[in-house]
Amino acid sequence: MRRPRPSATVRSVAGQIFVLQVLIIVLLVLAAVTALLLRARSDRFDAARDRSLAAAAAFAHGPGLVSAMQGPDPTAVLQPMTEAARMQGRVDFIVVMDRDGIRYTSPVPAQIGQRFIGTIGPSLAGRVTLETTNGSLGEDVQAVVPVMDASGGVVGMVASGVTVSQVSSAVWRQLPLVLGAGAAALVLATIGAALTGRRLLRQTRGLGPAEMTRMYEHHDAVLHAVREGVLILGADGQVLLANDEARRLLALPSDVEGRAVAELGLDAAMTELLISGRAVTDGVFPVGERLVAVNTRPTGHDGSPGGSVATLRDSTELQALSGRAEAARGRLRLLYEAGAAIGTSLDVRRTAQELTEVAAPGFADYATVDLAESVLRGEEPTPGAHRAAPELLRVATSAARDDHPLYPVGELVTFAASTPEARGFVEGQSVLVPDLRVRFDWRAQDAVRSQEVLDFGIHSLVTVPLQARGVLMGIANFWRAQGSEPFDEEDLSLAEELSARAAVCVDNARRFTRERAMTVTLQRSLLPHTVPSQSALDVAHRYLPAEGGVGGDWFDVIPLSGARVAVVVGDVVGHGVHAAATMGRLRTAVQNFATLDLPPDELLSHLDELVGRIDQETAGAQRPAPVTGASCVYGIYDPTTGTGTFARAGHLPPALVHPDGTVVFPELPAGPPLGLGGLPFEAVELSLPEGSALVLYTDGLIVDRAHGIGAGLELLTSTLAATGRSPQETCEALLAALLPDRQHDDIALLVARTRRLARDRIAEWEVPSDPAAVATARAEATGQLTRWGLDEAVFTTELILSELVTNAIRYGTAPIRVRLLHDRNLICEVSDASSTSPHLRYAADEDEGGRGLFLIAQLAERWGTRYTARGKIIWVEQALPGTADDGAG
């Protein structure tokens with residue numbers, strides 16, 4: 001008998017030594033890494049403080065700064081200088097401000113003129129201020145240095161700041177050395193532990209007499225206690241050992257050890273097998289009234305004595321169990337098929353149909369599923385559905401024959417309280433009816449139909465409630481007809497197991513239906529319900545959510561100043577509530593940015609920053625964080641010039657359909673998708689003839705699993721190549737031609753036909769930079785309004801125009817131009833070459849001015865400022881009752 005090897009204890013000792021060494025090394029490495037990290041943090045803060053202070057001090061003491069700050073337009077002079085110094089000094093910002101903290105410069109132009117956020121008190125006293133703040137990118141260090149004139153007085157301040165995380169530290173170059181030393185120590189510890197274990201193993205292979213005796217006693221006890229016979233035979237056919245079970249199965253005498261097998265009186269076949277010494281597996285031999293399964297294996301390998309070992313097992317009961325084992329295998333096979341076939345989709349009806357198809361005809365001849373109507377809408381059954389007579393909808397049936405008398409799919413059935421179906425749903429318990437012919441309670445549902453069921457041959461029923469996570473959704477009914485055995489308790493257990501698995505899938509589909517309905521509702525609530533009134537474009541739109549899950553596609557039409565209109569179509573990455581909510585945030589942001597009259601490329605840049613911030617917020621709240629990402633195309637159409645300015649961020653280019661049916665895809669620079677950051681966007685101006693159709697869309701319209709984007713664009717082009725269609729008809733034609741059979745992605749479609757504002761609705765002229773020209777401008781405007789028949793608006797327009805032209809002459813720069821637009825509203829625009837903008841404020845009692853814009857705000861419907869490449873435009877809109885429909889010409 002082979003001695004056991006005492007390696008377990010030795011290995012455990014060696015393992016403990018190894019684990020202790022690993023713990024010591026890990027602690028040392030962690031301590032070293034922690035020290036390095038603390039030092040790296042300190043180095044970064046010191047470097048950030050030095051860099052920001054150096055940049056601020058250098059700029060504050062630069063020649064010409066005081067004179068520039070005291071000049072007529074500090075921003076125009078200092079803004080390019082600060083940006084150049086910021087890039088050269090590798091700082092996040094350099095801001096020049098006056099003594100009140102009002103910014104002359106800023107890396108974000110929108111913040112110019114706003115108050116600086118930070119501590120400036122010490123700097124007003126001539127001292128340098130250093131402070132640490134928490135910015136959008138993390139901790140940063142900012143320095144505020146006073147700017148002094150020749151007399152030593154503080155005339156302003158210069159602030160500079162650096163984000164600490166952007167400052168590198170030399171300590172990081174030492175980190176690989178520490179980690180490498182720790183790894184080398186671990187390798188040495190591993191090698192030492194292995195050598196120690198092998199040495200101990202070679203030195204402790206022997207066992208003493210006490211261990212051998214105990215091992216023999218254990219083996220002997222196990223040998224005689226097992227329920228399997230063991231015979232050990234020598235090479236000469238003599239019995240060397242027979243345990244108690246072998247003596248019982250073969251009826252061997254008590255002195256069997258040492259006797260030859262031929263002398264034991266066994267069956268000839270059994271005797272021949274034992275003497276032959278050949279290998280046999282599960283050979284079955286009759287021994288009296290028993291069937292004995294015999295396994296034999298020859299010994300004598302590796303120099304051990306020859307002979308054989310036989311094991312014997314009583315297999316008489318296996319014959320009786322074989323039938324039940326086959327039935328059990330069939331049930332397991334059915335459950336396996338159910339696991340693979342049920343729940344392949346998240347559709348409630350399809351999942352119910354899969355349950356019936358698995359059950360019939362494999363388990364039952366007919367199978368039906370009845371659900372509460374609220375389940376099909378994704379809701380839980382209402383409390384009223386649990387009354388004594390529940391009302392359920394038949395949603396699935398699988399039958400051996402189609403002419404059965406059971407309720408058809410789609411019929412709403414109110415089950416009588418005494419029926420097994422009602423009891424199963426109300427009580428939530430399975431009901432077994434082995435023989436329907438002797439049960440009369442189920443006939444209360446419909447006596448005529450019940451008799452038809454019996455005459456058809458259906459004779460047995462099992463009703464199982466479909467319940468998952470505490471939600472009772474419906475029932476599954478299994479029927480057997482003539483030629484099949486009645487259901488029994490084992491069939492009931494199988495039906496319950498089958499229905500339980502299906503109920504989880506039905507509930508998953510129900511919850512998906514509810515979530516999809518909620519997401520669709522959210523998505524549609526965030527999309528525009530109507531197109532705002534405007535005269536520049538004739539617009540039609542469509543939005544179709546995906547079948548598998550609602551995404552983040554959106555569109556919008558935004559009226560702008562000067563009778564212009566912005567159109568936008570975008571697509572947020574992903575599906576579900578997160579994508580829909582992100583879409584709502586982006587649509588709101590686009591509307592807000594559009595009200596600032598930003599050019600398309602600048603608007604996309606701001607939108608790109610917003611998506612980046614959304615990703616950062618999401619990353620801080622979720623692990624793992626979903627990547628937002630989005631694509632967008634944004635354009636502004638001006639009906640006074642017939643031009644459109646467009647820019648796109650990773651989106652498909654729009655299609656332009658000319659009045660003659662020619663379809664082109666303008667070459668717009670693609671730009672990166674929103675959220676990547678770092679790359680600029682580029683806008684392109686296009687000439688759009690009157691009557692052209694501008695088609696904006698998301699990739700769900702042209703990209704399908706059956707074909708690629710190239711084929712989709714070709715089909716889109718051929719569909720659009722038609723004349724005389726309205727935008728509504730164009731939308732219908734595109735969806736009819738391109739909508740796939742199974743929609744896997746959202747579709748947002750916007751078709752806009754261009755209009756031009758008639759030339760006789762536009763009046764513009766140049767005004768000399770002379771206060772005396774104000775009266776001339778009023779007279780020009782009065783004459784034009786009289787020609788348009790807008791005498792009622794003359795007085796108000798004269799007041800507005802006088803204020804705007806006076807401000808332009810006093811504070812602006814030539815050339816100064818006036819433009820009147822007769823659209824849905826009367827639009828008055830005054831432009832000049834200056835970039836400064838007036839601000840609405842309350843004038844004090846002793847102020848001589850400051851009330852003009854306040855007066856304009858009271859008289860006008862809207863007013864604002866629009867910046868151009870040559871300056872700015874101050875615009876004012878007045879409502880014209882009775883002329884709202886007199887739009888473009």
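Start with the charged partners: the structure holds 22 salt bridges. Keep in mind that you're looking at a predicted model.

Stop 1: Select Arg 437 and Asp 435. These two form a salt bridge, with their closest N and O atoms 3.0 Å apart. Which of them is exposed, and which partly exposed? Arg 437 counts as exposed because its relative accessibility is 53%, and the cut-off is over 50%. Asp 435, at 24%, counts as partly exposed.

Next, pick Arg 449 and Asp 446. Their side chains meet in a salt bridge too, at 3.9 Å from N to O. Both ends are partly exposed: Arg 449 has 23% relative accessibility, and Asp 446 has 28%.

Now jump to Glu 357 and Arg 350, another salt bridge, where the closest N and O atoms are 3.8 Å apart. Glu 357 is partly exposed at 40%, and so is Arg 350 at 37%.

**Stop 2: a histidine in a loop.** Select His 651, which sits in the loop between β20 and β21 (655–657). Is His 651 buried or exposed? It's buried, because its relative accessible area is 4% and anything under 20% counts as buried.

Stop 3: Rolling a probe the size of a water molecule over the atoms shows where empty space is left. The second largest pocket here has a volume of about 970 Å³. To find it, select Asp 638, Arg 866, Thr 868, Arg 870 and Ile 873, the closest to its centre of the 32 residues that line it. Several strands supply at least two lining residues each, including β19 (630–638), β29 (862–868) and β30 (871–879). Which strand gives the largest share of the lining? That's β28, with four residues. Colour the lining by class and you'll get eleven nonpolar, eight polar and 13 charged residues.

**Stop 4: a nonpolar patch.** Finish on the surface with Phe 795, Leu 799, Leu 855 and Leu 859. Together they form a nonpolar patch with about 350 Å² of accessible area. The elements giving two or more residues to this patch are α20 (794–811) and α21 (852–859). Click on Leu 855, which belongs to helix α21: its relative accessible area is 39%, so it is partly exposed.

Notes:
Residues numbered from 1 in each chain as written. Predicted model: local features only at pLDDT ≥ 70, side-chain atom pairs only at ≥ 80, totals over all residues. Heavy atoms only, no water. Patch = residues over 30% accessible without salt bridge, like charges linked within 9 Å, V, L, I, M, F, W, Y side chains within 5 Å. Areas by Shrake-Rupley, 256 points an atom, 1.4 Å probe, with all protein chains shown as cover. Salt bridge = Lys/Arg side-chain N within 4 Å of Asp/Glu carboxyl O. Buried < 20%, exposed > 50% of the residue type's maximum accessible area, 1.4 Å probe, protein only. 1 Å grid on protein atoms, 1.4 Å probe; cavity = no way out; pocket = protein on both sides within 12 Å on 5 of 7 lines; lining within 4 Å. Points joined across faces, edges and corners; volume = space filled by probe spheres on them. Nonpolar A, V, L, I, M, F, W, Y, C, P; charged D, E, K, R; others polar.
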